[in-house]
Amino acid sequence: MSVTGWGRVIRPGHDVTTPDRRDAGRLAASPSGPLTLHGQGRSYGDTAINEGGTVLRTGRLDRFLAADWETGVIRAQAGLTIDALLRVCVPRGWFVPVTPGTKHVSLGGAVASDVHGKNHHHVGAFGAHVRALGLVRSDREAQVLRPGDPLFALTVSGLGLTGLIDWVEIQLIPIASDRMIVENIPHDDLDHFMALSEESADWPYVVAWVDCLAKGDALGRGVFTRGRHARNPGPLTPHPPEPRLAWPFRTPGALLNRHSVGMFNALYRRRPGARFDGMQHYAPFFHPLDGIARWNLMYGSGGFYQHQCIIPRPAAREGVSALLETVARAGQGSFLAVMKSHGAERSPGALTFCLDEPGVTLALDFANRGPSTYALVTELDAIAHDHGGRMYPAKDATMSQTIFTRTYPRWEELEAARDPVIHSHFWRRVTGIAA
Amino acid sequence: MSGAGTKTLLILGAGSAIARAYARHRLDEEGEGTLRLILIARDGERLAADATDLTARGAAVETATVDLGDPASVTADALSRFGRIDEALLAYGTLTDQARAQDEPDYLAHQLAVNFTSAALWTERLATVFAAQGAGRAAIVGSVAGDRGRQSNYLYGAAKAGMATQLAGLAHRFADRPDIVFLLVRPGFVDTPMTAHIQPKGALWATPEKVAADIARALAGGRRSLYTPWFWRGIMGIIRSVPGFVFHRTRL
């Protein structure tokens with residue numbers, strides 16, 4: 001069985017197990033080496049892969065354990081996906097408090113990577129909405145963790161290293177309709193983006209798509225999107241169960257070049273919907289790429305790198321300019337450059353990506369063309385680091401040990417709390433600690 | 001419980017991966033508050049967990065802990081206490097270890113009791129209920145292994161072939177009752193805990209969710225036979241038609 005990260009760059013061999021029930025008691029060590037916990041495989045890099053060891057997939061540990069549709073508090077096994085949860089909770093007038101750009105993530109993964117969404121500036125990351133979680137370890141009995149417990153803070157954003165997250169209890173948010181009120185505003189450059197971000201502070205959901213091949217005066221141009229749940233009662237229809245479109249095969253590398261990306265970007269900004277104002281279902285608003293199954297194959301047989309960093313607000317303009325200039329110069333532009341202004345972090349996670357001060361995050365992806373792409377991405381790592389920023393472990397495949405340990409100073413606490421039978425390719429790479 | 005607009009779905013072997021996927025799929029299709037689910041399985045603890053899950057997803061759930069594979073558990077009125085049954089899925093079974101079954105008569109007897117005898121008895125109970133109601137649809141999970149005896153798994157296959165013959169007979173018996181449907185489902189390789197030990201899993205493997213969706217579509221369409229995924233129909237067509245003198249040289 002082939003298990004990879006979503007970026008498909010690192011493809012190690014390992015044993016895979018997919019239990020559909022958890023045996024009572026402690027987490028068992030795997031006979032073939034260290035264990036890595038793997039939800040839906042939507043982390044781009046190597047946080048959920050484990051060369052030479054065992055991968056435990058949680059996809060079948062996906063039962064609801066309790067659901068109170070009066071209060072919107074649900075408790076579910078950690079393998080339940082946001083996709084499955086929304087199918088159930090939307091018809092009852094509830095929505096997840098935070099969703100990343102794909103709904104195909106497990107609750108356990110959302111906790112372990114402490115994911116954020118377009119509403120980060122209002123509500124913080126996913127971990128801020130977790131009321132309790134169950135943790136199973138190899139070296140002690142199962143336990144219930146709540147905000148305030150030291151191990152809770154290390155499990156939220158703990159990359160699955162503190163034990164198997166058995167279940168997660170979260171508070172959903174009420175919605176009156178499945179519709180979003182959305183405004184799309186093309187922005188001309190980085191200053192325009194910054195101004196729109198300021199002006200849109202009251203909007204709960206904000207994000208921008210960036211044409212990362214634009215240079216000079218047009219640097220940072222793109223389409224700024226803001227939205228909120230419609231307040232008037234409306235239909236409560238969940239998204240359709242299956243995407244209608246699927247990327248058919250791995251795109252031959254020759255078709256992905258600066259011309260095709262440039263054409264895509266130019267068309268994307270001029271497309272009819274680019275200035276769309278009005279009501280839209282939540283699915284295309286929150287999860288546009290989920291409409292195309294297996295879109296990661298678009299990047300061809302080599303896979304792709306995703307690079308996401310956050311830079312503190314004071315250095316953000318300069319830092320983002322430097323990143324975009326580097327990308328434009330390299331000519332390895334991406335289709336899916338996404339930029340967002342973040343608020344000060346409100347998450348209990350000890351190693352959460354977002355900063356405890358306002359910042360700007362930029363996410364880029366690059367088809368893997370071998371050493372030149374690796375060099376570009378590590379250059380971006382260095383630029384972000386030089387501007388006081390850091391990279392998102394759930395997306396990272398390149399960050400150096402030096403940069404990781406400097407920018408996530410609480411990593412040693414996580415190492416101390418790590419379950420002795422759990423390890424991962426990522427953790428070995430960024431800490432140098434062998435299995 | 002069974003009010004207007006509510007359908008009752010009975011699942012025999014509710015703990016199986018296909019059954020769990022099927023219950024969720026049907027619930028998703030029918031919508032909240034319109035499905036009464038009767039879950040029957042041997043493992044009470046697991047049954048309770050699945051009942052909680054499906055209740056949260058909007059079903060009215062009843063459960064019964066029954067050792068389904070024991071033919072003695074099938075009394076003449078075993079299903080009568082559940083009232084009207086609109087739809088049923090028989091999904092339990094056990095994968096027979098061929099070598100052991102050749103050597104150990106007790107083991108083989110037990111395997112046949114689970115995979116054929118008890119399943120045949122439950123299926124006849126369903127036929128009785130449906131005949132009295134004048135309507136009802138049931139999907140019985142068989143296997144492509146029942147299509148031709150092969151040295152590697154013919155004792156498992158024989159039990160499944162028995163089910164195929166029973167269902168062919170039921171189709172004949174109810175030929176003039178179009179509202180009574182028995183569907184024989186022949187899944188190929190399905191990625192479930194029952195097959196977890198088989199590695200690696202290639203392109204022929206399907207998920208329980210895919211199989212469940214296929215079953216729901218076939219049952220709604222009133223079909224009597226389903227290969228899932230669809231290409232197994234072609235594969236088994238070839239395997240059935242290979243002449244014996246050629247077939248016997250293979251190690252299938």
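Which residues in H5(B) are buried?

## Helix H5 of chain B

In this predicted model, the buried residues of H5(B) are B:Leu155, B:Tyr156, B:Gly157, B:Ala159, B:Lys160, B:Met163, B:Gln166, B:Leu167 and B:Leu170. An α-helix has 3.6 residues a turn, so residues three or four places apart point the same way. The cover over the buried residues of H5(B) includes helix H3 (98-103), helix H4 (105-133), strand E5 (136-141) and strand E6 (180-187), which belong to chain B.

Helix H5 itself comprises 20 residues, 154-173 of chain B, and spans 28 Å between its first and last C-alpha, close to the 28 Å expected at 1.5 Å a residue.

## The eight-stranded sheet of chain A

Chain A contains an open sheet of eight strands, ordered E15-E11-E13-E12-E18-E19-E17-E20 and paired in the antiparallel sense. Strand E15 (277-281) and strand E20 (390-391) of chain A each have a single partner strand and stand at the edges, so one side of each lacks a neighbour in the sheet.

Within this sheet, strand E18 (residues 338-342) and strand E19 (residues 359-367) of chain A form an antiparallel pair over five bridges, and A:Lys340 is placed opposite A:Thr361 in E19(A). Helix H9 (residues 371-386) of chain A lies across strand E17 (304-312), E19 and E20 of that chain, and runs at about 10 degrees to E17(A).

## Contact between the chains

Twelve residues from chain A and 15 residues from chain B make up the contact. On the side of chain A that touches chain B, strand E4 (64-68) and helix H1 (82-89) of chain A each supply at least two residues, and E4(A) gives the most, with three residues. The residues on that side of chain A comprise seven nonpolar, one polar and four charged.

Note on methods: Residues are numbered from 1 along each chain as its sequence is written. Chains are lettered from A and ligands numbered from 1 in the order in which they are written. This is a predicted model: local features need pLDDT of at least 70, side-chain atom pairs count only at pLDDT 80 or more; totals for chains, interfaces and linings use all residues. Helices (H or I, at least four residues) and strands (E, at least two) are DSSP runs, numbered from the N terminus. The expected span of a helix is 1.5 Å times one less than its number of residues. A residue is buried if 20 or more other C-beta atoms lie within 10 Å of its own, exposed if 12 or fewer, and partly exposed in between; C-beta atoms are placed from the backbone. Two residues are in contact if their C-beta atoms, placed from the backbone, lie within 7 Å. Two strands pair if DSSP finds at least two bridges between them. Axes are lines fitted to C-alpha atoms, for helices over the stretch in contact, and angles run from 0 to 180 degrees between N-to-C directions. Ala, Val, Leu, Ile, Met, Phe, Trp, Tyr, Cys and Pro count as nonpolar, Asp, Glu, Lys and Arg as charged, and the others, Gly among them, as polar.
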